[in-house]
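Please open the structure in your viewer and keep the selection tool at hand.

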Amino acid sequence: MKNLIAGNWKMNGSVEMAKSLASAISGGVRDHGALLEKNDFLVCPTDLHISTVSPLLKNISLGAQDCSPFEVGAFTGDVSAQMLNDMGCSHVILGHSERRQYYAESNMMIKQKAVMANENSLITIICVGETEEEREQGVQNDVVSKQLSESIPDSANAENTVIAYEPVWAIGTGKVATIEDITSMHEHIRRTLATRFSDSRGMRILYGGSVKPANAAEIFAVENVNGALIGGASLKAEDFIGIAEAS
Ligand code: PGA
């Protein structure tokens, strides 16, 4: 299975910045063509920058950072999965810990969003991960099992669903989970998926949380790590490409 190298640009940048970042990443992938043998690439700008970024991407998929749990209608501020598909998106990140934390998104809501996304031909990247406190209490496996069972819809399969394990305490902090922790959690996720989905072995499981070119190689070497969801380092084309080079 190829690694998925996914950039989550979060709420950063201007139109100009989005343009130059997209061009630089496309140029980087073009200049290092061999990277495509081992990796698939995805960038997720803000919804406002999707139409700007879209024509600049070559061999890179386009995704959004969230979508509405509803189909259409009076939902002020929402963007539907169908609209994202219409704009050329192939992927959508759902249940990122920042959305769980700041917008109180529940597993149930994330599942509803995932159903909408799958119905509109979007591949979901469903994020799971424990807080620092939960890890200190040793309940990380239970927390992640519950998130997986409650937020992944029955419509999920290896083609339309990617899981991202992102320990909350590792996001944007520079703290990376140890290789032992990543190994054991990714194994736990693979086993949990197998209890429900017949094609679970083909589902990609990404690691996310302070992934950089310097630590990417050892993370990608872990069994059951099938790529990375990258925040901060995805805002620098050189680092984003550097991470792919480590795979
Ligand atoms: P980070 O973010 O790479 O900046 O830690 C990862 C993420 O939030 O997806």
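The stops below cover a pair of helices and then several salt bridges.

**Before starting**

This is a predicted model, in which local features need pLDDT of at least 70 and side-chain atom pairs count only at pLDDT 80 or more, while totals for chains, interfaces and linings use all residues. Residues are numbered from 1 along each chain as its sequence is written, and side-chain values use heavy atoms, with hydrogens and water left out.

**Stop 1: two packed helices**

Select residues 107-119, helix H6, and residues 140-151, helix H8. Helices (H or I, at least four residues) and strands (E, at least two) are DSSP runs, numbered from the N terminus. Two packed helices are described by the angle between their axes and the distance between the axes. For H6 and H8 the angle is about 40° and the axes are 8 Å apart. Axes are lines fitted to C-alpha atoms, for helices over the stretch in contact, and angles run from 0 to 180 degrees between N-to-C directions. H6 and H8 are therefore oblique to each other; angles under 35 degrees count as roughly parallel, over 145 as roughly antiparallel, 65 to 115 as roughly perpendicular and the rest as oblique.

Next, display the side chains where the two helices touch. From H6, the contact (heavy atoms within 4.5 Å) involves Asn107, Met108, Ile110, Lys111 and Ala114, and from H8, Lys146, Gln147, Glu150 and Ser151.

**Stop 2**

Select Arg99 and Asp66, whose side chains form a salt bridge at 3.2 Å, N to O. A salt bridge is a side-chain nitrogen of Lys or Arg within 4 Å of a carboxyl oxygen of Asp or Glu. Arg99 lies in helix H5 (residues 97-102), and Asp66 in the loop between strand S3 (61-64) and helix H4 (81-86), 33 residues apart. Is each residue buried or exposed? Arg99 is partly exposed, at 23% relative accessible area, whereas Asp66 is buried, at 18%. Buried means under 20% relative accessible area, exposed over 50%, and partly exposed in between (1.4 Å probe, protein chains only).

**Stop 3: a buried pair**

Select Glu105 and Lys113, which meet in a salt bridge at 2.7 Å, N to O. Glu105 is buried, at 6% relative accessible area, and Lys113 is also buried, at 3%.

**Stop 4**

Finally, select Arg191 and Glu187, joined by a salt bridge at 3.7 Å, N to O. Both lie in helix H9 (residues 179-194), four residues apart, about one turn of the helix. Arg191 is exposed, at 52% relative accessibility, and Glu187 is partly exposed, at 39%.
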